[in-house]
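Me: I am new to this structure and would like a short tour. Could we go through it together?

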Amino acid sequence: MAEFIKLYEENPNPRQIAKICDILRKDGLIIYPTDTVYGLGCDITNTKALQKIARIKGVKLEKANWSFVCADLSNLSDFVRQIDAPTFKLLKRALPGPYTFILPGSNNLPKDFKRKKTVGIRVPDNAIARALVSTLGNPIVSTSIYDEDDVLEYTTDPELIYEKWQNLVDVVIDGGYGGNVASTVIDVSEGEPVVVREGKGSLDIL
C-alpha cells in the first residue's frame, strides 16, 4: 500500500523529498503534483519502474510517449540534440511553466528510449516537482493520471487520488489540489513551433 505524504510547495521538506527519491531509486512509482495536473512518475533510468508504468497505462514501453520532467534546462543536451538559438530562447521564456516541448532526441538517451526520435521536455513551475528531480539527479518520466469521470478529465483531489491508486504506486504526494487542465504541448523538433495541444500554458510566448 502506498505512503501518503503531505508536502508544501512553499517549502518542501528536504527529508521527505530524500525519502521519496530513495523509493524512486528502488523501482518505485510516485504520484506527485506539477503546475498543471497530478502526474504518475518514476526515475528515467529505472527499467523495472518504467515497465510498471507501461503496464498500468496499457502501452508498450518502446511506444510510450511520456514527458521527461527536469529541474531546469542545464542538462538538456543529455537528452536533446543541439537546438538553434530561437528555440532555446523560446524554452527559456516559457520554462519553468505549464508547457511540454517536443524536441529532437539525442544519441545519449537512456537505453529504454534509445529509439526515440523526439522527446517531450517539461520543467514545471512547481517547487515539489523540481525538488524531487534535483534530489534524484535524473529526470522523472511522467504521464498524467486520468479521471474516469466524464466531467473531470484529470483527478485533482489528493485524497481521492490516494484511494484510487494506493495499490498501484508506492507514494502519493499530497501537494494540495491539482488542476484539471494539462500542459500546452509545442512541437519544436523541426525548428518552427507547432502547437500540438492547447492547455494551461498561454500561446503568447510564441
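Me: To begin, what is the bridge partner of S67 in strand 7?
Reply: The bridge partner of S67 in strand 7 is S142. Helices (H or I, at least four residues) and strands (E, at least two) are DSSP runs, numbered from the N terminus. This is a predicted model, in which local features need pLDDT of at least 70 and side-chain atom pairs count only at pLDDT 80 or more, while totals for chains, interfaces and linings use all residues. Residues are numbered from 1 along each chain as its sequence is written, and side-chain values use heavy atoms, with hydrogens and water left out.

Me: In which sense do strand 4 and strand 7 pair?
Reply: They pair in the antiparallel sense, over three bridges. Two strands pair if DSSP finds at least two bridges between them.

Me: And over how many bridges do strand 3 and strand 7 pair?
Reply: Strand 3 and strand 7 are joined over five bridges, in the antiparallel sense. There, C42 has V141 of strand 7 as its bridge partner.

Me: Why is strand 7 described as largely enclosed?
Reply: Strand 7 covers residues 140–144, and four of its five residues are buried, so the rest of the structure largely encloses it. Buried means under 20% relative accessible area, exposed over 50%, and partly exposed in between (1.4 Å probe, protein chains only).

Me: Changing topic, which residues have the most contacts inside the largest nonpolar core?
Reply: They are I31, F68 and F101, in a core of 42 residues. A nonpolar core is a set of buried Ala, Val, Leu, Ile, Met, Phe, Trp, Tyr and Cys residues joined through side-chain atoms within 4.5 Å.

Me: Which element supplies the largest share of this core?
Reply: Helix 2 does, with four residues. A second, separate core has 19 residues, including I17, I23, V69 and A71.

Me: What is I31 in contact with, leaving aside neighbours within four places in sequence?
Reply: Among its contacts are Y38, L40, I145, I161 and W165. Contact means heavy atoms within 4.5 Å.

Me: How many aromatic pairs does a search of the whole structure find?
Reply: The search finds four. Rings of Phe, Tyr and Trp (its six-membered ring) pair if their centres lie within 6.5 Å; planes under 30 degrees apart count as stacked, over 60 as edge-to-face and the rest as tilted.

Me: Is F4 buried or partly exposed?
Reply: F4 is partly exposed, at 35% relative accessible area. Y162 counts as buried, with 17% relative accessibility.

Me: Why is the pair of F68 and F79 edge-to-face?
Reply: Their planes are at 80 degrees, with ring centres 6.0 Å apart, so the pair is edge-to-face. F68 counts as buried at 2% relative accessibility, and F79 does at 10%. Together with F113, F68 and F79 form one aromatic cluster.

Me: Lastly, which lining residues are closest to the centre of the largest pocket?
Reply: The closest of its 29 lining residues are N65, W66, S67, T100 and S142. On a 1 Å grid over the protein atoms alone, a pocket is an open set of points where a 1.4 Å probe fits, with protein on both sides within 12 Å along at least five of seven lines; lining residues have an atom within 4 Å of a point.

Me: Which strand gives the most to that lining?
Reply: Strand 6 gives the most to the lining of the largest pocket, with four residues.
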